[in-house]
Amino acid sequence: MKVLKKINKGLILTILVLIVLILYFNNVEKQRDKDKPDIKKACEEFIAFTDKYAVLPEELQTLQNEIPEEKVEDYIRQMKKDLTNFMIDNPEAINIQQKNLEYNLKSGYDVLQVRTKLSRKIQKISSYQFENNQVTVMLEDNIEEIVKTSDGNKEYTKSNELSVNEDEIILKKVDGNWKVVYANLQFADNPNYYNGVRENVMY
């Protein structure tokens, strides 16, 4: 009889623990579902920021003329300042993203062509991978690029479209706001230039 009582107590405790765990994980999932719209909005805002700084200001979008390097550097400094609004407070993470954005900006112009627009739109969020207060978002995006170019005699524009299905943004919740830890966004002229830098970021 005493053995049976001990078994019953153990069984009851196990059931109680299971109920607590189920309630806990259920609440966690509910909170994650509640966070998803804010996470998507943070991704969209960061992407809009990267679109802006993928092209030079309109007054610098000239062909067959040397673009003033000091004005480009001023633009890059402003880009870095704006970037901190989207990122976690981590100088190394910010520096990595700045270098990637700067590279993409400078790859968008030369003597005979200049990128005048880059627009990335989220078509689908493939997955949210949560870990504590951090989430990895996998995206399927559509990219539209418009380039002004010249054949040496006349200027014309051309457009390119690209669909990518491996864009990745990692975000962390800081004081109630989702901040970017790392972003791996593919671009038309160099779809893999972000690769190989993630491991250098201390989250």
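Where does N160 lie? N160 lies in strand β3. Helices (H or I, at least four residues) and strands (E, at least two) are DSSP runs, numbered from the N terminus. This is a predicted model, in which local features need pLDDT of at least 70 and side-chain atom pairs count only at pLDDT 80 or more, while totals for chains, interfaces and linings use all residues. Residues are numbered from 1 along each chain as its sequence is written, and side-chain values use heavy atoms, with hydrogens and water left out.

Start with the whole chain. The protein chain has three helices and four strands. From the N terminus on, the order is α-α-α-β-β-β-β. Of its 203 residues, 37% are buried. Here, buried means under 20% relative accessible area, exposed over 50%, and partly exposed in between (1.4 Å probe, protein chains only). The chain exposes about 12400 Å², and carbon and sulfur atoms supply 51% of that area. Accessible areas come from the Shrake-Rupley method with a 1.4 Å probe; for residues, only the protein chains shown count as cover. Among contacts in the protein chain with a separation of 6 or more, 61% are between residues 24 or more positions apart. A contact means heavy atoms within 4.5 Å.

Now look inside. The largest nonpolar core holds 42 residues. Such a core is a set of buried Ala, Val, Leu, Ile, Met, Phe, Trp, Tyr and Cys residues joined through side-chain atoms within 4.5 Å. I39, F46, L56, I169 and L171 touch the most other members. Two or more residues come from each of α1 (2-52), α2 (69-83), α3 (91-106), β1 (113-131), β2 (134-150), β3 (155-174) and β4 (177-184). α1 gives the most, with six residues. L56 shows who meets whom. Leaving aside neighbours within four places in sequence, L56 is in contact with Q61, I67, V72, Y75, L105, Y109 and V114.

L105 leads on to α3, where L105 is one of the buried residues. An α-helix has 3.6 residues a turn, so residues three or four places apart point the same way. α3 has 16 residues and reaches 22 Å from its first C-alpha to its last. That is close to the 22 Å expected at 1.5 Å a residue. The expected span is 1.5 Å times one less than the number of residues. At the start of α3, a side-chain oxygen of N90 reaches to within 3.0 Å of the backbone nitrogen of E92.

Next come the strands. Two strands pair if DSSP finds at least two bridges between them. β1 and β2 pair in the antiparallel sense over 16 bridges. Q113 has T149 in β2 as its bridge partner. The hairpin of β1 and β2 has two residues between the strands. N132 sits in that loop. Its phi is near 55 degrees, a positive value in a residue other than glycine. N132 is exposed, with a relative accessible area of 72%.

In β2, 13 of the 17 residues are buried, so the strand is largely enclosed by the rest of the structure. β2 and β3 also pair in the antiparallel sense, over 16 bridges. N142 stands opposite S163 in β3. The hairpin of β2 and β3 has four residues between the strands, and G152 takes a positive phi near 100 degrees there.

Return to N160. Is N160 buried, partly exposed or exposed? N160 is partly exposed, with a relative accessible area of 31%. Leaving aside neighbours within four places in sequence, N160 is in contact with I143, E144, E145 and V147. The C-alpha atoms of N160 and E145 are separated by 5.1 Å, although the two residues are 15 residues apart along the chain.

The last pairing joins β3 to β4. Seven bridges link these two strands, which run antiparallel. K172 stands opposite K179 in β4. Their hairpin has two residues between the strands. D175 lies in the loop between β3 and β4. D175 has a positive phi of about 50 degrees although it is not a glycine. At 77% relative accessibility, D175 counts as exposed.

How values were computed. Polar contact = N/O pair within 3.5 Å; in protein donor to acceptor, adjacent residues only side chain to side chain.
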